[in-house]
Amino acid sequence: MDNINISVKSNISMLILDNVPSDAGFISLVFDKFSDEAINIDMISQTPPRGKYTSIAFTFDDSELAKALGCLSHIKEECPSLSSSVSSSNSKIIVMSEEMRNGHGFASRVFTAVARASGDVRLITTSETEISILVPDLDEKQCLSEINACFSC
């Protein structure tokens, strides 16, 4: 497989929101609060709705954690039933290739490599040409090594 670009970004925090009203207006409010504080949101993942509720996870730079926690307190004022958890000191590993558009087996190779590295996958996002995984910073080096090895064949 040619033209595979593998990169990494460290020091990433993830915020998980549970019991989020499954309503575009409320979800917009969540991201508006972060935008108002100039926090750059990166990976975003939403679970399928369970009745009136869903869960959302997203990432941002560790340096923005204090501001993010401030946003979270404002969001919880709007929705007291919301529960949350935060994980900092993570790394985002990105595998990108135009070949993903029409090819197969990319996800299989990435997750086989991460399994060989015993990586703790915390979040996954994809597009037609990219697979991004969030792992603890401590797992970054081994996961990156295994992913690079699986695509160097």
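Me: What should I know before reading the numbers?
Reply: Residues are numbered from 1 along each chain as its sequence is written. This is a predicted model, in which local features need pLDDT of at least 70, side-chain atom pairs count only at pLDDT 80 or more, and totals for chains, interfaces and linings use all residues, while side-chain values use heavy atoms, with hydrogens and water left out.

Me: What is the mean pLDDT of the protein chain?
Reply: The mean is 95, and 98% of the residues reach 70 or more. The term pLDDT is the predictor's confidence in each residue, from 0 to 100.

Me: Which elements have the lowest and the highest mean pLDDT?
Reply: Helix 2 has the lowest, at 95, and strand 6 (residues 130–136) has the highest, at 98. Helices (H or I, at least four residues) and strands (E, at least two) are DSSP runs, numbered from the N terminus.

Me: Which residues of helix 2 are buried?
Reply: They are Ala68, Cys71, Leu72 and Ile75. Seen down the axis of helix 2, these buried residues fall within an arc of 105°, so they line one face of the helix. The arc is taken from the directions from the helix axis to the C-beta atoms. Buried means under 20% relative accessible area, exposed over 50%, and partly exposed in between (1.4 Å probe, protein chains only).

Me: What do the buried residues of helix 2 pack against?
Reply: They pack against strand 1 (5–21), helix 1 (24–36), strand 3 (53–61) and strand 4 (83–96). The face of helix 2 turned away from the buried side carries the exposed residues Ala66 and Glu77.

Me: Changing topic, how many aromatic pairs are there?
Reply: The structure holds five. Rings of Phe, Tyr and Trp (its six-membered ring) pair if their centres lie within 6.5 Å; planes under 30 degrees apart count as stacked, over 60 as edge-to-face and the rest as tilted. One of the pairs, Phe106 with Phe151, is stacked, at 6.2 Å centre to centre and 20° between the planes. This pair links distant parts of the chain, with Phe106 in helix 3 (residues 106–116) and Phe151 in helix 4, 45 residues apart.

Me: Are those two buried or exposed?
Reply: Phe106 and Phe151 are both buried.

Me: And where does Asp139 sit?
Reply: Asp139 is in helix 4 (residues 137–151). Leaving aside neighbours within four places in sequence, Asp139 is in contact (heavy atoms within 4.5 Å) with Ser118, Gly119 and Asp120.
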